[in-house]
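Biologist: Please take me through the terms used for this model. For each one I would like the value, the cut-off and the conclusion.

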Amino acid sequence: MKDTLVFFYNIIVPIFVSLIYFVLALYTKKIKPLRFFILGEKTYQTAFWIFLVFAIFLLGRPFQILSGNETITLIVSQVREFLMISILSPFLLVGILTHVFYDSRKIKNMAAFSFIFCLLLGFIYVYFNFKSINGIHFIFETKLFGVNIKAFDGNWFGKNNKYLPILFLIRIISPVLIFIFASMVAIFKAVTYPKNGLYNNLPKKYFLEGIAIMIFVLSMFSTGMMAYFWNFQSQWYYLGALIAGIIGFFALKLPPRDFMIKNDVK
């Protein structure tokens, strides 16, 4: 029974949640022709890539643990971490800034700096992550339709791993602090948006986006804290990703202005 539950939240949940974000990416493409003239084409282009990269990151978990091979496990882990630290984090920050403040020179400068900075962090993380892994360990074994399934993951949390503080610090900077900053920008814009503004639903959209980001990043941060300080391995941040995805869908579906509902995508 225990192995079945571990299989469920390590395999089934990641696949299910990743599908939600693939759908969000496709939905962004669908509504872009109806919305880009108000919120800007770059807003929807960035949103598409955010959802797509995040979906790939989430879907990578089953591939990471089902290979049974230390090299493949490490490669998939490296790709997932690099996607989160160096691609998704700056994309999310730039996407929120573009969505909130539209196009400006300052945003372009911020985008260039954030991508360069996060790329640097990603390469540093990959280097020390490579030096940190010490073989693989067994997670669970179960049967599905008569097929025996075994899962393994890398050993990163040994007591003698002197590189863990570096890895932990990088993850605190990106994605945690970057996500929190992006979330606070969206929430701040929501509460300071003029009450008689032309697009009366924008404050709701900003607020929902900020809350969705905050829910996910706090779930990921708490997962990392439990693993780092108490060696408690869990993937419950997928629950945070699920809740964030649902909230994100409602934020994406909400038109900037009430009268647009009749002519918008249902």
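Predicted model: local features only at pLDDT ≥ 70, side-chain atom pairs only at ≥ 80, totals over all residues.

Biologist: How many aromatic pairs does the structure hold?

Modeller: The structure holds 19 aromatic pairs. Rings of Phe, Tyr and Trp (its six-membered ring) pair if their centres lie within 6.5 Å; planes under 30 degrees apart count as stacked, over 60 as edge-to-face and the rest as tilted.

Biologist: Why is the pair of Y21 and F51 called tilted?

Modeller: The ring centres of Y21 and F51 are 6.2 Å apart and the planes stand at 45°, so the pair is tilted. This pair links distant parts of the chain, with Y21 in helix α1 (residues 2–39) and F51 in helix α2 (residues 41–66), 30 residues apart. Helices here are DSSP runs (H or I, at least four residues), numbered from the N terminus. Both Y21 and F51 are buried.

Biologist: What makes the pair of Y27 and F249 tilted?

Modeller: The planes of Y27 and F249 are at 45° and the centres 5.6 Å apart, so this pair is tilted. Y27 in helix α1 and F249 in helix α7 (residues 237–253) are 222 residues apart, and the pair links distant parts of the chain.

Biologist: Why does Y27 count as buried, and what is F249 called?

Modeller: Buried means under 20% relative accessible area, exposed over 50%, and partly exposed in between (1.4 Å probe, protein chains only). Y27 has 11% relative accessibility, so Y27 counts as buried. F249 has a relative accessible area of 33%, so F249 is partly exposed.

Biologist: Which residues form one aromatic cluster?

Modeller: The cluster is formed by Y21, F51, F54, F57, F179, F216, Y237 and Y238.

Biologist: What makes you say that a charge sits over the ring of F57?

Modeller: The criterion is that NZ of Lys or CZ of Arg is within 6 Å of the ring centre and within 35 degrees of the ring normal. The charged end of R80 sits over the ring of F57, 4.4 Å from its centre. Likewise, the charged end of K29 sits over the ring of F48, 4.8 Å from its centre.

Biologist: Is G60 buried or exposed?

Modeller: G60 has 9% relative accessibility, so G60 counts as buried. G60 is in helix α2. Leaving aside neighbours within four places in sequence, G60 is in contact (heavy atoms within 4.5 Å) with V76 and R80.

Biologist: Why does S183 count as buried?

Modeller: The relative accessibility of S183 is 0%, so S183 counts as buried. S183 lies in helix α5 (residues 164–192) and touches G210, I213 and M214, not counting residues up to four places away in sequence.

Biologist: How do helices α4 and α5 cross?

Modeller: The axes of α4 (residues 105–132) and α5 come within 9 Å and cross at roughly 145°. Axes are lines fitted to C-alpha atoms, for helices over the stretch in contact, and angles run from 0 to 180 degrees between N-to-C directions.

Methods:
Residues numbered from 1 in each chain as written. Heavy atoms only, no water. Helix = DSSP H or I, 4+ residues; strand = E, 2+ residues; numbered from the N terminus.
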